[in-house]
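Student: I have a new model on my screen and would like to learn how to read it. Could you walk me through it, one feature at a time?

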Amino acid sequence: MKTDLSKILSISGQSGLFRYVSQSRAGAIVESLADMKRTCFGMNSRITTLADISIYTEDGELKLKDVFLKMKEVLGEDDAPAAKSAPEQLKSFFGQAVPEYDRDRFYVSHMKKVVEWYNALKKYASLDFTDADAEAAAEGAGESDGGENGAGQETGKEE
């Protein structure tokens, strides 16, 4: 099953990652990836989707999805270095995986979060991500012509 990073959340002050379940009157209902427990976080909680996070590079920014894919290329099936690894080890790893990362603005504390998230996704979800742009295009096309079945029937009638 593919992972939709727009539904995977990081919540300030909470460890681990969460999957968005639903909206409630008081905030958002989320489910922990690690233990599958559901919780409601209020509107004043700082909730960020992983799809909205980027890291600084020398040329601008790189979406977290692309960072994860580059990490996967380097690591294969292995886990990323532990978040408690030495700073030099993390810098060396990111130098391999994302050589263009901005060494002045992408701090070791950020690297620790990224490797934690990578390992959590690898363990509890999937590193095979949905393509949000392709899905949006497919949904838009489906709405404009009545869906795939409608388009297929229409083509069949013309022949």
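**Reading the fold, step by step**

Tutor: Let's begin with a strand. In this predicted model, strand β1 (residues 8–11) is covered on both faces. Ile8 and Ser10 are buried on one side, and Leu9 and Ile11 are buried on the other.

Student: Which strands does β1 pair with, and in what sense?

Tutor: To read pairing, look for the bridges between strands. β1 pairs with β2 (residues 18–23) in the antiparallel sense, over 2 bridges. On the other hand, β1 also pairs with β5 (residues 47–49), again in the antiparallel sense, over 3 bridges.

Student: How many residues lie between β1 and β2 in their hairpin?

Tutor: There are 6 residues between these two strands, and Gly13 in the turn has a positive phi of about 90°.

Student: Which residue has a positive phi although it is not a glycine?

Tutor: That is Met36, with a phi of about 65°. Look for Met36 in the loop between β3 (27–32) and β4 (38–42). Since buried means under 20% relative accessible area and exposed means over 50%, Met36 at 47% is partly exposed.

Student: Now the whole sheet, please. In what order do the strands run?

Tutor: The order is β4-β3-β2-β1-β5, an open sheet of 5 strands with antiparallel pairing. β4 and β5 stand at the edges with a single partner strand each, so one side of each has no neighbour in the sheet. From one strand to the next, the twist averages 45°.

Student: And the helices: at what angle do α1 and α2 cross?

Tutor: For a helix pair, ask about the axes. Those of α1 (residues 64–75) and α2 (residues 87–97) come within 9 Å and cross at roughly 100°. Angles of 65 to 115 degrees count as roughly perpendicular, and therefore α1 and α2 are described that way.

Student: Which residues make that contact?

Tutor: From α1 come Val67, Lys70, Met71, Val74 and Leu75, while α2 supplies Phe93, Phe94, Gln96 and Ala97. By class, the contact has 7 nonpolar, 1 polar and 1 charged residues.

Student: Stepping back, what pattern does the protein chain follow along the sequence?

Tutor: The pattern is β-β-β-β-β-β-β-α-α-α-α-α, with 5 helices and 7 strands in the chain. Of its 159 residues, 33% count as buried.

Student: What confidence does the protein chain have on average, and where is the pLDDT below 50?

Tutor: The chain averages a pLDDT of 86, and 82% of the residues score at least 70. Over residues 142–159, however, the pLDDT is below 50, and this stretch has 3 contacts in the model beyond near neighbours in sequence. Where pLDDT is low, predicted coordinates should not be read in detail.

Notes. Residues numbered from 1 in each chain as written. Predicted model: local features only at pLDDT ≥ 70, side-chain atom pairs only at ≥ 80, totals over all residues. Heavy atoms only, no water. Buried < 20%, exposed > 50% of the residue type's maximum accessible area, 1.4 Å probe, protein only. Helix = DSSP H or I, 4+ residues; strand = E, 2+ residues; numbered from the N terminus. Pairing = 2+ DSSP bridges. Axes fitted to C-alpha atoms, helices over the stretch in contact; angles between N-to-C directions. Parallel < 35°, antiparallel > 145°, perpendicular 65-115°, else oblique. Contact = heavy atoms within 4.5 Å. Nonpolar A, V, L, I, M, F, W, Y, C, P; charged D, E, K, R; others polar. pLDDT = per-residue confidence, 0-100.
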